[in-house]
Amino acid sequence: MVVREKLQVLSSLQSIVEDLHCQYKSLQKGVVANYIPELAKVNPDLFAICLVTVDGEVYQIGDRDQLFTIQSISKVFAYGLALEDCGRDDVLTRVGVEPTGDAFNAIILDEQSKRPYNPMVNAGAIATTSLIKGADATERLNRLLEMFRQYVGHDVFVDISVFTSERATGHRNRAMAHLMLNFGMIQPNIEESLDLYFQQCAVMVNCQDLAVMAATLANKGLNPITGKRALQSTYVKDILSVMYTCGMYNFAGEWAYKVGLPAKSGVCGGIIAVVPNKMGIGVFSPPLDSRGNSVRGVKVCEELSRILGLHLFDCCDS
């Protein structure tokens with residue numbers, strides 16, 4: 001694609017998202033997550049796409065105001081807060097950065113280091129969240145909510161029904177936490193750390209919020225809507241690197257091959273993708289494939305990457 005053609009495409013981003021929404025809204029593949037009872041109640045027909053550029057321009061279509069819990073997408077941003085609180089070297093002693101072909105909720109640690117493999121799987125995210133500083137549980141939660149507020153540009157809240165549902169059914173996560181405690185990867189206050197993790201997953205957002213958060217990472221940690229800094233720029237590359245290699249679980253390799261962007265999915269049906277220095281992408285559609293990724297979300301991102309030439313290694317033109 002020549003430069004002039006790319007500029008023409010970029011001038012019609014709204015038409016592109018509308019066309020993709022129309023193309024995939026009738027796609028009926030996938031099933032809504034049901035291992036957390038509250039998530040099973042979500043309408044599978046909900047579908048929204050949003051693009052936010054680093055200049056603050058917004059292009060969106062569909063159920064853009066629909067609130068949903070952020071789930072595993074929260075891991076990206078909690079990791080950033082832990083990096084700011086503890087520094088890169090300290091975090092690396094407790095959480096690795098290696099991809100794994102295991103399920104996101106696998107009860108497994110690296111055999112040599114005894115660390116969770118990366119902060120995008122549940123074990124790594126629990127360890128990451130346990131590093132967030134605060135005098136007590138309330139202060140730590142308030143710091144987490146304030147961090148999200150900086151990314152989205154407005155106050156956020158925790159869905160209590162989802163939080164309590166996750167807490168009541170989170171036995172695998174408790175098993176992971178006890179395994180990590182055994183090897184000294186987390187502190188003994190397991191229930192407090194797990195509560196904070198369940199709360200961060202139950203934070204309510206909409207599709208535009210996802211795109212703004214992704215655009216903030218694309219903009220080196222500066223929120224393009226508010227102009228305020230959400231993350232120190234020095235840690236953006238850490239986050240994007242882990243998102244690129246680990247953000248889509250055991251679909252990460254195929255995602256990197258086809259889409260070629262740092263991304264993170266969640267069982268809520270959300271996906272964020274970051275186009276460094278250009279834009280953030282947010283897609284919301286609850287039905288998931290066998291790997292736990294939004295079926296419509298993956299298709300939309302594949303098409304956006306193809307149409308706009310977004311793959312990080314797309315070096316075919318100048």
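1. The largest nonpolar core of this predicted model contains 72 residues, and F77, F148 and L217 have the most contacts inside it. A nonpolar core here is a set of buried Ala, Val, Leu, Ile, Met, Phe, Trp, Tyr and Cys residues joined through side-chain atoms within 4.5 Å. Helix α10, residues 207-218, gives the most to this core, namely nine residues. In soluble globular proteins, nonpolar side chains tend to be buried together.

2. As to the basis of these values, local features need pLDDT of at least 70 and side-chain atom pairs count only at pLDDT 80 or more, while totals for chains, interfaces and linings use all residues. Residues are numbered from 1 along each chain as its sequence is written, and side-chain values use heavy atoms, with hydrogens and water left out.

3. With neighbours within four places in sequence set aside, F148 is in contact (heavy atoms within 4.5 Å) with I70, S74, F77, V156, Q200, V203 and M213.

4. On overall form, the protein chain has 13 helices and seven strands; these are DSSP runs, helices being H or I of at least four residues and strands E of at least two, numbered from the N terminus. The chain is as compact as a globular protein of its length, because its radius of gyration is 18 Å, close to the 20 Å that the globule rule gives for 318 residues. That radius is taken over C-alpha atoms, and the rule is 2.2 Å times the number of residues to the power 0.38. The C-alpha trace spans about 60 × 40 × 35 Å along its principal axes.

5. Of the 318 residues in the protein chain, 57% are buried. Buried means under 20% relative accessible area, exposed over 50%, and partly exposed in between, with a 1.4 Å probe and protein chains only. Among contacts between residues at least 6 apart in sequence, 69% join residues at least 24 apart.

6. Helix α11, residues 236-246, is largely enclosed by the rest of the structure, because eight of its eleven residues are buried. These are V236, D238, I239, L240, V242, M243, Y244 and C246. The cover over the buried residues of α11 includes α3 (74-86), α4 (88-94), α10, α12 (252-258), β5 (263-265) and β6 (270-275).

7. Where is N293 found? N293 belongs to the loop between β7 (279-284) and α13 (295-308). This residue is buried, with a relative accessible area of 0%. Leaving aside neighbours within four places in sequence, N293 is in contact with M248, Y249, F251, S265, P287, L288 and V298.

8. K258 lies in helix α12 and counts as partly exposed at 42% relative accessibility. K258 touches E302, S305 and H311, not counting residues up to four places away in sequence. The C-alpha atoms of K258 and K237 are separated by 21 Å, and these residues are 21 apart along the chain.

9. D314 lies in the segment after α13 and is partly exposed, with a relative accessible area of 31%. From D314 to G260 the distance is 8.6 Å in space, C-alpha to C-alpha, for two residues 54 apart in sequence.
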